[in-house]
Amino acid sequence: MTHRPRLSLLTDVVGPASRPAYDPGRHGCGIVHLGAGAFHRAHQADYTDAALAAGGGDWRIVGVSLRGHEVADALNPQHGLYTLIERDAAGARAKVIGSIERIVAASREPAALMRQLAAPATRIVTMTVTEKAYGIDRATMTADPDHPAVAADLAKPAQPTGVLGVLTEALRLRRAAGAEPFTVLCCDNLPDNGGFVRAGVIDFARRSDPALAEWIAANVAFPSSMVDRITPASTQRTLDDALQLTGCVDRAAVETEPFRQWVIEDQFPSGRPAWEAGGALFVDDVHPYETMKLRMLNGSHSMLAYAGFLTGRRYVRDTVGQNGFRALIARHLGAAASTLQPLPGIGLDAYAADVLARFANPAIAHETRQIAMDGTEKLPQRLLAPAVELLAKGADIRPFAFAVAAWMRYCLGRFDDGAAYALNDPREAEIAKAVSSVRTPSDIGRALHDLPRLFPERLRSDPQWLDAVSSQLELMLANGMNAAIASELAGSSDHGDATSFRR
Ligand code: CS2
């Protein structure tokens, strides 16, 4: 007789996975989360699970997919339950997470989304929608009317589909009903993410309802937060392992690393879950933590993603592992660390060593192309801001020039052997146009530096920076990315280990 896996609800796990240490059905929902992708399920939902187990409360989550419906179709028949697999060299461990009640696919049920956001029980709206979804111009801190979702929502504010439109309309409904506002907690990898979303929402509201904008400015809390957990996209293997570890078919399983970090500004006027039970750190000012994470982890991630992808390394672990360019990553971590203020309780050398060890995790298959996507949204905070600071100090800019040149090389859309790949960037058409008629490395560099609203003026106009980038790009184009990496490694042999750099 063949063994048929049960299509069970993960309520009666038969494998080694742990179950929620509380009865999910006894807790109401207090959070709406926009962007219920793998990262949310591996991070905030895990912390909320720990908070429910330790502190109880009506803090379960209604997740929202603003565009697709795959997550809703997978998770809702499982009553929101799913398996979270943590992997490292020692093996895989699984737990069933109970903090998500259901997923609303907004494109299918727009009224259900607005109802949930307007419900007085909803006290916090969290979000991981990726950098490109906001439509906020950081230079002016205003809503960008050219962003497709912003444009659509400005035209029809009562039927919003994008982040700013949805938050503004929900706050309008609450104000009209005399309900308390919710707290807005951004969990995307953006500097000052609370202030950023606050400025975008207030500006969006101002365009149709200035009184609402004033009410939001006076009444809504937008704490900032720094999130961290390396979470590759789920694959068939994730689902197979979930079946093995739980004895149940799970179409919404996610996998991640053991490490997790969440640093949050403690401004929750309508209360919050006991996220500290999962290890969240509540602080007055998130800024130094987020700068460290964006510049060290995310900055070196981007660098290795471009360099690794172009040398045919499919996974991050291959860039650090045997024959990898570990020393180049260590050099980048050191250069990024040299732009940071000291952080009480965190040694930057140890942080860098941890980041390298996490990148090297042999059990995590994190694709370089996943990190390479959306470069125009990621570069400013990860690479360009620290480069400006180093330039102003007269310090060594080479690591950042290398990383930016690697992005430019990636922007050409072809491997050394001529095979084409998709850039996956919201500005890919503009990028293709900019580089289509230029040939020399310095012209390519100039064309990309001239993309509107991307490079800070300080970099665009500095001959030392422009030279450093175009000479790196020249090497990459003339001899290939492998040779360019080898030449960088030859020039940085004194940085062979992440723990050897000094600030
Ligand atoms: C990565 C991040 O895809 C990317 O750009 O750098 O998603 C990274 O894995 C997370 O920020 C880790 O917390």
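**Figure 1. Helix 4 meets helix 6.** Let's start where the axes of helix 4 (residues 110-118) and helix 6 (residues 163-177) come within 9 Å and cross at roughly 55 degrees. This is a predicted model, so keep that in mind for every view here. Helix 4 and helix 6 are therefore oblique to each other, and helix 4 passes helix 6 in a right-handed crossing. From helix 4, look for Leu113, Met114, Leu117 and Ala118; they touch Val166, Glu169, Ala170, Leu173 and Arg174 of helix 6. Sort the residues of this contact by class and you get seven nonpolar, two charged and no polar. If you wonder about the spacing, an α-helix has 3.6 residues a turn, so residues three or four places apart point the same way.

**Figure 2. Stepping back to the whole chain.** Zoom out for a moment and there are 21 helices and 13 strands to find in the chain. The C-alpha trace spans about 65 × 60 × 45 Å along its principal axes. A compact globule of 503 residues would have a radius of gyration near 23 Å, and the chain agrees because its own value is 23 Å. Of those 503 residues, 56% count as buried. Take the contacts between residues at least 6 apart in sequence: 77% of them join residues at least 24 apart.

**Figure 3. Helix 12 against helix 21.** Back in close, here is helix 12 (residues 326-337) packing on helix 21 (residues 481-491) at an angle of about 60 degrees, their axes 9 Å apart. The crossing of this pair is left-handed. Helix 12 brings Ala327, Leu328 and Arg331 to the contact, while helix 21 brings Ile485, Glu488 and Leu489.

**Figure 4. What is tucked away in helix 18, and what covers it?** In helix 18 (residues 441-449), the buried residues are Pro441, Ile444, Gly445, Ala447, Leu448 and His449. Their cover includes helix 16 (398-411), helix 17 (428-436), helix 19 (457-460) and helix 20 (463-479).

**Figure 5. Two loop residues with positive phi.** Threonine 130 is found in the loop between strand 6 (124-127) and strand 7 (136-137). Its phi is near 75 degrees, a positive value in a residue other than glycine. Threonine 130 has a relative accessibility of 34%, so it counts as partly exposed. Now hop over to aspartate 192, in the loop between strand 9 (183-186) and helix 7 (193-208). Aspartate 192 isn't glycine either, and its phi is positive too, near 45 degrees. With a relative accessible area of 35%, aspartate 192 is partly exposed.

Figure 6. Glutamine 381 lies in helix 15 (residues 375-393). Is glutamine 381 buried or exposed? Its relative accessible area is 9%, which is under the 20% cut-off, so glutamine 381 is buried. Setting aside neighbours within four places in sequence, you'll find glutamine 381 in contact with Glu131, Asn189, Leu190, Pro191, Leu294, Arg295 and Pro386. Arginine 317 is 64 residues away from glutamine 381 along the chain, and their C-alpha atoms are separated by 24 Å.

Methods. Residues numbered from 1 in each chain as written. Predicted model: local features only at pLDDT ≥ 70, side-chain atom pairs only at ≥ 80, totals over all residues. Heavy atoms only, no water. Axes fitted to C-alpha atoms, helices over the stretch in contact; angles between N-to-C directions. Helix = DSSP H or I, 4+ residues; strand = E, 2+ residues; numbered from the N terminus. Parallel < 35°, antiparallel > 145°, perpendicular 65-115°, else oblique. Left-handed = near helix turned anticlockwise from the far one by under 90°. Contact = heavy atoms within 4.5 Å. Nonpolar A, V, L, I, M, F, W, Y, C, P; charged D, E, K, R; others polar. Rg over C-alpha atoms; globule rule 2.2 N^0.38 Å. Buried < 20%, exposed > 50% of the residue type's maximum accessible area, 1.4 Å probe, protein only.
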